[in-house]
Amino acid sequence: MQYKTVAGPMVLVSSGKNPEQEVVQKYAALIDKEAVGGWELDMIQQVAVERRAGCLAALFGAKSTITNYNMLIFKKAD
């Protein structure tokens, strides 16, 4: 089995009357685009990434920040 990961969108912007449907369609389009070549969506996994403040910034009280990313994991048979 082969696997590949694709970063999902961090923010989906909706300007229509049905934002839920618009978001679903945007995710479906991304999945369809990546499914070319026999790839199948296996799961969507949230990954937390910690970004530590630099030395100088930390001296002035800056803290680490954590950002959550959605990773789309695709698989296909060898």
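**A walk from loop to sheet to helix**

Val13 is exposed, with a relative accessible area of 58%. Exposed here means over 50%, so Val13 qualifies. This model is a predicted one. Where does Val13 lie? Val13 belongs to the loop between β1, residues 2–7, and α1, residues 19–34. Together with Met10 and Val11, Val13 makes a nonpolar surface patch of about 340 Å².

Now turn to the strands. Three of them form an open sheet, and their order is β1-β3-β2. The pairing is antiparallel. Which strands sit at the edges? The edge strands are β1 and β2, the latter spanning 40–51. Each of these two pairs on one side only. From one strand to the next, the twist averages 30°. Strands of a sheet pair through backbone hydrogen bonds, and the pairing can be parallel or antiparallel.

Take β3 next, which covers residues 65–76. How many bridges link β2 and β3? Eleven bridges pair β2 with β3, in the antiparallel sense. Val49 stands opposite Thr67 in β3. Glu50 has Ile66 in β3 as its bridge partner.

β3 also pairs with β1. Six bridges join β1 to β3, and these two strands run antiparallel. Tyr3 has Lys75 in β3 as its bridge partner. In a regular strand, side chains alternate between the two faces of the sheet.

The helix comes next. α1 lies across β1, β2 and β3. Its direction is set at about 50° to β3.

Glu34 is found in α1. Is Glu34 buried or exposed? Glu34 counts as buried, because its relative accessibility is 15% and buried means under 20%. What does Glu34 touch, leaving aside neighbours within four places in sequence? Glu34 is in contact with Lys4, Val6, Trp39 and Phe74. Lys4 and Val6 fall within the 2–7 span of β1. Phe74 falls within the 65–76 span of β3.

Val13, in the loop between β1 and α1, is exposed at 58%. Glu34, in helix α1, is buried at 15%.

Technical notes: Residues numbered from 1 in each chain as written. Predicted model: local features only at pLDDT ≥ 70, side-chain atom pairs only at ≥ 80, totals over all residues. Heavy atoms only, no water. Patch = residues over 30% accessible without salt bridge, like charges linked within 9 Å, V, L, I, M, F, W, Y side chains within 5 Å. Areas by Shrake-Rupley, 256 points an atom, 1.4 Å probe, with all protein chains shown as cover. Salt bridge = Lys/Arg side-chain N within 4 Å of Asp/Glu carboxyl O. Helix = DSSP H or I, 4+ residues; strand = E, 2+ residues; numbered from the N terminus. Buried < 20%, exposed > 50% of the residue type's maximum accessible area, 1.4 Å probe, protein only. Pairing = 2+ DSSP bridges. Axes fitted to C-alpha atoms, helices over the stretch in contact; angles between N-to-C directions. Contact = heavy atoms within 4.5 Å.
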